[in-house]
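My notes follow the structure.

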Amino acid sequence: MLTSIVETDLADTYHRLGKNEKAYEFALLGYDKAKNNNDLKRQKNAAKVLGHVLTELEQESEALYYFKKYAELEQELNTS
């Protein structure tokens, strides 16, 4: 669980620095690890970062997928 937090935080930092390829790499790692551990909160956070990074990389359809996933996870967490 800790590594998904670190990877997502690293991804966010790379994104803020404009290093979106690197940000994508770490955000995807964080997302996958959180998903494998059924950690909805961390998965939601990584999905949000992925949406922003993919938007910057002009991959709108993939970005939309992760923004929708973020919204679904947010709703799921708020109803549990």
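Predicted model: local features only at pLDDT ≥ 70, side-chain atom pairs only at ≥ 80, totals over all residues.

Entry 1, α2 and α3. I looked up the packing of helix α2 (residues 20–36) on helix α3 (residues 40–56) and found an angle of about 155 degrees, with the axes 8 Å apart. Angles over 145 degrees count as roughly antiparallel, so I put α2 and α3 down as roughly antiparallel to each other. The crossing of α2 past α3 is left-handed. On the α2 side the contact includes Ala 23, Ala 27, Leu 28 and Tyr 31; on the α3 side, Ala 46, Val 49, Leu 50 and Val 53 are among the residues. I noted the classes for this contact as 12 nonpolar, three polar and three charged residues.

Next I took α3 with helix α4 (residues 60–79), where the angle is about 155 degrees and the axes lie 8 Å apart. α3 and α4 are therefore roughly antiparallel to each other. α3 passes α4 in a left-handed crossing. Among the contact residues I listed Lys 44, Lys 48 and His 52 of α3, and Glu 62, Tyr 66, Phe 67 and Glu 74 of α4. By class I have 10 nonpolar, four polar and seven charged residues.

Is Glu 7 buried or exposed? I found Glu 7 in helix α1 (residues 2–16). Its relative accessibility is 11%, so Glu 7 counts as buried. Setting aside neighbours within four places in sequence, I found Glu 7 in contact with Phe 26, Ala 27, Leu 29, Gly 30 and Lys 33.

Notes: Residues numbered from 1 in each chain as written. Heavy atoms only, no water. Axes fitted to C-alpha atoms, helices over the stretch in contact; angles between N-to-C directions. Helix = DSSP H or I, 4+ residues; strand = E, 2+ residues; numbered from the N terminus. Parallel < 35°, antiparallel > 145°, perpendicular 65-115°, else oblique. Left-handed = near helix turned anticlockwise from the far one by under 90°. Contact = heavy atoms within 4.5 Å. Nonpolar A, V, L, I, M, F, W, Y, C, P; charged D, E, K, R; others polar. Buried < 20%, exposed > 50% of the residue type's maximum accessible area, 1.4 Å probe, protein only.
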